Amino acid sequence: MKIKFPKSVNYPPQKKANAIAKILKELYPNPAVPLDHQDAYTLLISVLLSAQCTDKRVNQVTPILFEEADTPNKMVQLTTEQIKSIIRPCGLSNNKSKAIHRLSEILLEKYSGEVPDKMELLEELPGVGHKTASVVVSQYFGQPAFPVDTHIHRLAYRWGLSNGKNVVQTEKDLKALFPKKNWNDLHIQIIYFGREYCPARSHNPLECPICSQYGNIEYLDKYLEEQEMKGK
């Protein structure tokens, strides 16, 4: 017997977005940045380290790193090899250690050791891409931005809010659907929701508070087909 989905799975993206925002707000009314940090610099380094690494692992490594160097001035006193040995558990340690050392030098050379609050200036720093810059300006400087990582990209597709082609398109789609004043909170809320209810693997969308009501019909049908094949 084929499962009958609720009418809400066929809502247009804007109607879905409004309903999803309400659920996220109820679940996570005051979302905090999941990366431990003390200031703009330690947040920048933490976000850089989080590339292809879990926030949990980053939060285990950064106290050790920041005990040695929690400012650009202290960081440049370390060699890239010393940085690399500390951050190795985060992966990509060769490239990340070089980026951390060089961006710390640039912050001292160009910005008196301060982290700039402009996206375009942050994106010029080694190892700092659009997503990392977006996180820093939104979560530390309070400027509206909608950083989209692979997790947010995945959920936006699952919920029918974006076509899932690439993170650039997903960011555009989400910015068009949600009010600018909510972007910074939504970025964190979606990450938390993904961890708790909507993981990449072993996810049952029929039991998910959002997928079960507002899921992408293609995604839901594919899941049911896979379950049917497993049952044969």
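## Ground rules

The model is predicted, so local features need pLDDT of at least 70 and side-chain atom pairs count only at pLDDT 80 or more, while totals for chains, interfaces and linings use all residues. Residues are numbered from 1 along each chain as its sequence is written, and side-chain values use heavy atoms, leaving out hydrogens and water.

## The whole protein

Let's start with the overall picture. The protein has 13 helices and 0 strands; helices (H or I, at least four residues) and strands (E, at least two) are DSSP runs, numbered from the N terminus. The C-alpha atoms fill a box of roughly 65 × 40 × 30 Å along the principal axes. Of the 232 residues, 47% count as buried, where buried means under 20% relative accessible area, exposed over 50% and partly exposed in between (1.4 Å probe, protein chains only). Among contacts (heavy atoms within 4.5 Å) with a separation of 6 or more, 60% join residues 24 or more positions apart.

Confidence is given as pLDDT, the predictor's score for each residue from 0 to 100. The protein averages 93, and 98% of the residues score at least 70. By element, the lowest mean pLDDT (85) belongs to helix α13 (residues 217-231), and the highest (98) to helix α4 (residues 72-75).

## Helix α8

Helix α8 spans residues 130-139 and is mostly covered, with 8 of its 10 residues buried. Those buried residues include Thr 132, Val 135 and Gln 139. Their packing partners are α2 (40-49), α7 (119-122) and α11 (183-196).

## Leu 49

Beyond residues up to four places away in sequence, Leu 49 touches Val 58, Thr 62, Leu 65, Ile 87, Cys 90, Lys 96 and Ile 100.

## Arg 158

Arg 158 is buried yet has no salt bridge, and the nearest side chain of opposite charge, Glu 226, is 9.1 Å away. A salt bridge here is a side-chain nitrogen of Lys or Arg within 4 Å of a carboxyl oxygen of Asp or Glu; Lys and Arg count as positive, Asp and Glu as negative, with His and the chain ends not counted.

What does the side chain of Arg 158 reach at 3.0 Å? The backbone oxygen of Pro 199 lies at that distance, and the backbone oxygen of Cys 198 is 3.3 Å from a polar atom of the Arg 158 side chain. Leaving aside neighbours within four places in sequence, Arg 158 is also in contact with residues including His 203, Tyr 214 and Tyr 219.

Technical notes. Polar contact = N/O pair within 3.5 Å; in protein donor to acceptor, adjacent residues only side chain to side chain.
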